Amino acid sequence: MKNRSQEDENTIIVGRKPVQELLLNDPKSIDMLYVQKGRQDKNFERTIERCKKFGIKYKIADKEELARIFTGNHQGMIAKVAALSFIDFDELLANLADAPLPLLVVLDQVQDPGNVGTLARTLYSLGGAGIVVARHGAAFLGPGAVKASAGALTKLPIARVSNISQALDKALDMGINVYGAGLADDSNPVYDVKLMGPAILVLGNEEKGIRLGVEKRCQELIHIPFKREFDSLNVAQAGAILISEFSRTLG
């Protein structure tokens, strides 16, 4: 059982699929579920049945009330949940080797919540051990990130640290292999590298990449070799490819 010790701001989850995932996997985390008035399809009926089964408070609300809670596309379903919480970084390191895929993804100032959510979805589905973000300068892990993750952020262990470089130093002292994604001159194609676990993969900011001080902690820089001239993949796309290569090698 994960010992989540720190909590984030209040969080909501929106959309039919993410809410259904939450009802199936973590119904006790839901404080209140709002369903749009007039939706009488099978999905609506199934949702109400699950709320009654698990004793979840729910409200059938009009569009105006839902819009006051969340201004984006909520697909007629909004769940107010217990805040996203964070596992202690030391515990995450201690459990790393026991994960189906002994890989942590460290996000160095990744700003887009959608990218974080997509990465969490990929990492969780492939058995990864968790995600590490900075306490300051990281994307807000609110409803946008949770929706992009299809609920994976509510299940995947997440640690929040004050200093990424110091966190990597601690991992290196424990003998954990640290890889960074980057296109520097000394970076090697990921398919030519013998990936070793347990491991950490560092992914950098969408525009600036990994900061120099963080990059110095990476034992090896890796990249995806392109077959055509192209600018780059975004961090979620590149991260998914790299994670899948770790899965193929270490999983």
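1. Let's start with the surroundings of S149. In this predicted model, S149 touches G117, A120 and R121, leaving aside residues up to four places away in sequence. The residue sits in the loop that links helix 6 (143–148) to strand 9 (158–161). Its relative accessible area is 1%, so S149 counts as buried.

2. Helix 2 is worth a look next. This helix covers residues 42–54, 13 residues in total. From first C-alpha to last, helix 2 reaches 18 Å, close to the 18 Å expected at 1.5 Å a residue. Which residues of helix 2 are buried? They are N43, F44, T47, I48, R50 and C51. These residues cover an arc of only 160 degrees around the axis, and therefore lie on the same side of helix 2.

3. What does that buried side pack against? The buried residues of helix 2 meet helix 1 (16–25), strand 3 (30–36), strand 4 (58–61) and strand 5 (77–81). On the face turned away from the buried side, you will find the exposed residues K42, E49, K52 and K53. Just past the end of helix 2, G55 adopts a positive phi of about 70 degrees.

4. Now to the nonpolar cores. The largest of them has 50 residues, and within it L107 and F246 touch the most other members. Helix 9 (residues 235–250) gives the most to this core, contributing 7 residues. Apart from it lies another core, of 25 residues, with I87, L93, C218 and L221 among them.

5. Not counting residues up to four places away in sequence, L107 touches V116, L119, I131, V132, V133, A134, I164 and L203.

6. Finally, a friendly word on confidence. The protein has an average pLDDT of 88, and 94% of the residues score at least 70. Which elements mark the two ends of the range of mean pLDDT? Strand 7 (residues 101–108) has the highest mean, 98, while strand 1 (residues 4–7) has the lowest, 41. Over residues 1–9, pLDDT stays under 50, and for this stretch the model has 37 contacts beyond four places in sequence.

Methods. Residues numbered from 1 in each chain as written. Predicted model: local features only at pLDDT ≥ 70, side-chain atom pairs only at ≥ 80, totals over all residues. Heavy atoms only, no water. Helix = DSSP H or I, 4+ residues; strand = E, 2+ residues; numbered from the N terminus. Buried < 20%, exposed > 50% of the residue type's maximum accessible area, 1.4 Å probe, protein only. Contact = heavy atoms within 4.5 Å. Expected span 1.5 Å × (residues − 1). Arc of directions from axis to C-beta. pLDDT = per-residue confidence, 0-100. Core = buried A, V, L, I, M, F, W, Y, C linked by side-chain atoms within 4.5 Å.
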